[in-house]
Amino acid sequence: MSTLIIQSLINGVLMGGIYALYSAGFSLIFGVMGVVNIAHGDLLMLGAFLTYWMFVGLGLDPFLTLPFSLLGLFALGYLMQRLAIKRVVGAPPIMSYILTFGMHLMISNLALVAWTADPRTVTTAYSGAHLAFWGLTVPWIKLITFLISLGVVGALYLLLHHSQMGRAIQATSQDREMARLSGIKVDRVYALTFGLGAAITGLAGSLVVSFRDVDPGMGLPYTIIAFCVVVLGGMGYMPGALIGGLILGVVGSVCTMIFTPGWSIAITFFLLYLMLLWRPAGIMGKGIVE
Amino acid sequence: MKFRRAGIILLTLALALTLGLAAPGMAAQEFTFGCAVPLSGLFGKDGQLVRDAYTFWMETINARGGIAGKYKVRIIFYDDQSDPQTSAKLVERLVTQDKVDLLLGGFGSSQVMAASAAAERHKFPYLSGGASSNKLYERGARYYFGTLGKATEEVRGCVDVFTSVTPRPKTVAIVGANIPFTAESCKGYKLYAEKYGFKVVHYELFPISLKDYNTMLLKAKAKKPDVLLVGSHLAVAMRVVKAMKEIDFNPKGVAFSYGPTVPAFVQGLKADANYVFAASEWTPNLPYKGPVFGSARQFNQAYRQRFRRSPDYVEAASTAAAVVQQVAMEQLGLKPRVTAADRVRLMEKLHQIDLMTFYGPIHFGKSGANREHPPVAVQVQNGQLINVYPAKWAEKPPIYPTPAWNKR
Amino acid sequence: MSLLEARGIHKSFGALQALGGVDLCLERGEILGVIGPNGSGKTTLFNCMTGILRPDSGRVVFGGRDITGWPTHRICRAGLVKTSQIVRPFLGMSVLENVLVGGLYGKGLLLKRARAQALEILEQVGLAEAAAQPAGSITVAMRRRLELARCLATGPQAILLDENLAGLTPVEIAESLALLRSLNAQGLSLVVVEHVMQAVMGVSQRVMVLDYGQKIAEGPPAQVVADRRVIEAFLGEEYA
Amino acid sequence: MSGGGRRSLYLGLAAVAAMAWLPAAGPAYYLQLLTIIFYWIGLAACWNLMCGYTGYIDFGSAAYTGIGAYVAGLLMLRLGLPLLATIPLAGLGAGLVALAVGWPTLRLRGAYFAIATFALAEALMRVCEEWSGLTEGGVGITIPQRLAELSYYWLYLGLAGLLVGVTWWVEHHKHGYGLKAIHQDEQAAAQVGVDTHLIKLQTYVTSAFFIGMLGALEGSRLGYFKPDDVFNVHITIKMVIMSLLGGMGTVLGPVIGASFLQLVEDFLGARFLNYYLVIIGAIIVGVIVFLPRGITGSLRQRLRIRPGRRP
């Protein structure tokens, strides 16, 4: 029995890392621009399909496609911000919900027409390979994804706090007008931020396709989980994505073990709710409270 | 004042759209069929299969001059977005606005339930090959017919096939998604497992939105069942295989209620897809033969030519639904424009019909459920779907027990 | 008995003690000035008295009733209101509607009566011309008066004015002070917080001085100005 | 009440009366389409009443369609109550849950309120799915009673009319000023005597009550549903989009938003089977980028209709 609990803890931690990876971009964009990006999950989907097609078409290993999804999604994010999102920066948050929901409809349905509704997955020689010890298993791909997730969150944290660009982003997120007056090109900072957020989300998608199924309509549930993770960890506080992800992952997994998967979701969301009442700034209290 | 101005704007807007929607004209020498299927949303994939099936039927019939050799077929498709309210609305639209002659069934229990209720109100026969929830037949509907067996029946073959393998399994674990078709499949698994003397050591339903199955399957693994039976659709089946490999869960046999028969399953999972069993209602090697498409094998070949892939059993069942409606129409000698009286006659005819088709025998009887249709089980062997049950039609014997994950 | 009496108000934010046992007493019909350097706890004291913050300890008695811990809106309806240091008009509403809300909720008037009252008050504070304008489009000075008008509409017995004169020109300050005097003449009690001493001295009958969350002096303006500790607090030790 | 306000009230009543008479003349499909449009006007009006006026974005409104549908359905199934008797009870059930939920939740703001309401709706859906002894779980329930098709038309019309009327009333009365003041600045509102928590709670519960009734009626109209049909987050999203497209915090916003979205979907869905959702997405993006005040607000602005009320 104790093995099962430990194994479910391990599963939860790995899942938490995955949550963190695809929530980090959401948190970044929200933290800097105050934009809740409902099309977030669709960026993930695009990253996943990019990897899928490179794998199927060119036989490229999913890990080798990571730079392409980073760059591709960065470009897309940059464009999205420049063409539309910039109109809702500073507007009430509801505007960004709806604008990006419209984008979600466009992206997911164009993808549906282009690629059909087939669920896809990538099976490589190492799919499902796992580390086994003491009757426990740790799947390699998820472990690597977890480590990448730690790296990405850490790198974002460093970038925001210890680089020229990071300082510009920080300054802009704290006071847009002040930043503008002190010579920061605010529009450019926003576009870069959005591009960066999209890029790491695309990266997450590329990793997800190697251990999950993906389809054009997959986006919205991922967006919703990202929203929950980020709120739990504290909006705009980078390590919060990791903390929130781990809590959701571990609670979900352990409750699945003890109760049923359905009750586990109910319990997870109920805890999230109580959490919000108790500490609206996220569990570390470092999030942005409106 | 502002309200009046806004009111005028609203009315103009509504009027403009209403006029834009005026009914299209219709040629008299063709039959118009209407169909609302999910092309987006949760069941978008499945709805596309159903659309392909009807399109294939239409093209085949029209190439031969049409129904009864002279009346061409036209189908109006709408997307119900996997939403029951929309599905019912679209049936309403097809019947009262587009004034179609007859309907073709959609996909998914909730949508078909709502859509067929609308059809029932308008006294339009509604034949579906894409829904098998038992609840569809518990409503006392007279205009609803289904070519698939009931969900609980459909999985019988998947349990039965394990009675003939050696060593005979003793225990089974059952898991499934908590939506109508898959949940009822699980009920069917349990019913027949107990009937055939297997012990059910684990039974659990999970939300369809669950994405990571590792912990859920870990609980089944801990019970060390000989066989794992899964109430699934395509994505669920793929997730189960991925998770089983990750947690090194290797029961002697695994069966799915739906999924492996769709080509995307083997394409996506490659070698990992091997050895799994799947419930089916139909495979191309079955010795069935009937009007329009000839034998099951001929149907399969023609379908492959058109779409460059083999049909799934839902596609076969949907095509068969269109065929049986067509045959009934021909037997009654219906001509375009089908009248209300014609549809009542057609409904009565369908209750009596007893037809052999490429898809197998179709006999709806009083309830509208296809009673005579025996379930089938297939196994993925070397990337191919091989019929392994019932024994008299089996192409090859089932491979059992399944080899370890690293030996596939 | 005093109209408003706060006794021993303590309030800390984490490790920072904002108020360390402050007493405040306002008599009926009086204008009390409260002065103190930035960060001396004036706004916190006001917030504790009007229910925006809950004091850690201490009691607030208004009109003979203990109002400690009451929600803000209830304190307002009991007759004690405050203007905010940073003006917060309802930007999306017209000037008139802003005042209307006070009458409707603070005083519980019906719509028709509240509207008539709002017009009267706007006339009184000199905003009648701007009644139909959106509150977002008027000048800072007008916003300050709007803030006051909104409070007046609730039919208060006492108003706490939190730096209502900040950012105004001398002419505007003079106008505002005249307005405050006339309101006081009609029987309204006022507490005026400023960190500009001169303005308060002219209008207040009594002044209390806060520094680092403590009351360091209290009395008639002339006496307080001469107090050594007050000069220290405001100008630094070398001037004392 | 000003003369203009009274005129618009009469105009609204006349429009409802004309619509009520329509089944005698109109073509059948449009009645069906209108039935659905009225249903959505009702839902969007409920959402707008609470969220449009106060600025609190509720992402869990589908919880109340779900509760309504299940309360009514189970009362019919288990106790054999007649359908029409279950409808107000469904509203009551939803209202009670809203009371219990709203009390703590309405102290949250912004994205936190949004995600908290969403989390609760999601948790309730799972409870409904897992508690199969009561609700038959994910397999869903079949509703044994159904009204005549036209009854739904009139009921939805009546409810939509009532809710737009309630919004109109709120807009022109004390309550509306309170809600708008909360939207602008909740703290400042409290400082001038607005019992913010009470008003929010009253409005939230009222809106949930009507959402529950609409959900119950639609459940019986569908005849069969399962938890993820009636607790679906897409129901909430649709309410939000309709309110916003029409113009949040306006009386006619939900009417215009719901009619516009449903008609456009119907029109495009019949013509561009594969691309219509892409087009709808583009329309939404276009409205936000080019008409950021919603259709009503922006049209009003373009047509130079002054929003100011006479003092």
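1. A polar contact here is a pair of N or O atoms within 3.5 Å; within protein, one must be able to donate a hydrogen and the other to accept it, and residues adjacent in sequence count only if both atoms are side-chain atoms. One such contact, of 2.6 Å, joins the side chains of B:Thr261 and B:Asp312.

2. Some housekeeping before going on. This is a predicted model, in which local features need pLDDT of at least 70 and side-chain atom pairs count only at pLDDT 80 or more, while totals for chains, interfaces and linings use all residues. Residues are numbered from 1 along each chain as its sequence is written, chains are lettered from A and ligands numbered from 1 in the order in which they are written, and side-chain values use heavy atoms, with hydrogens and water left out.

3. Back to B:Thr261, which sits in the loop between β9 (253-256) and α10 of chain B; helices (H or I, at least four residues) and strands (E, at least two) are DSSP runs, numbered from the N terminus. Why is B:Thr261 classed as buried? Because its relative accessible area is 9%, and buried means under 20%, exposed over 50%, and partly exposed in between (1.4 Å probe, protein chains only). Not counting residues up to four places away in sequence, B:Thr261 touches B:Ala278, B:Ala279, B:Ser280, B:Asp312, B:Tyr313, B:Val378 and B:Leu385, a contact being heavy atoms within 4.5 Å.

4. B:Ala177 is 28 residues from B:Leu205 in sequence, yet their C-alpha atoms are 5.5 Å apart.

5. Now the interface of chains A and B. How many residues does each chain bring to the contact? Chain B gives 33 and chain A gives 35. Together they bury about 2,800 Å², 58% of it on carbon and sulfur atoms; buried area is the accessible area (1.4 Å probe) that two parts lose on being put together, summed over both. On the chain B side, B:Lys211, B:Lys242 and B:Glu246 lose the most area to chain A, together 23% of what that side buries.

6. Five salt bridges are counted between chain B and chain A, each a side-chain nitrogen of Lys or Arg within 4 Å of a carboxyl oxygen of Asp or Glu. A:Arg212 and B:Asp212 form a salt bridge at 3.8 Å, N to O.

7. On packing, the largest nonpolar core has 242 residues, and A:Tyr97 and A:Phe227 have the most contacts inside it. Such a core is a set of buried Ala, Val, Leu, Ile, Met, Phe, Trp, Tyr and Cys residues joined through side-chain atoms within 4.5 Å. Another core, of 100 residues, lies apart from it and includes B:Met216 and B:Tyr313.

8. Finally, the chain pairs. Chain A and chain C have no contact, with their closest C-alpha atoms 13 Å apart, and chain B does not touch chain C, their nearest C-alpha atoms being 17 Å apart.
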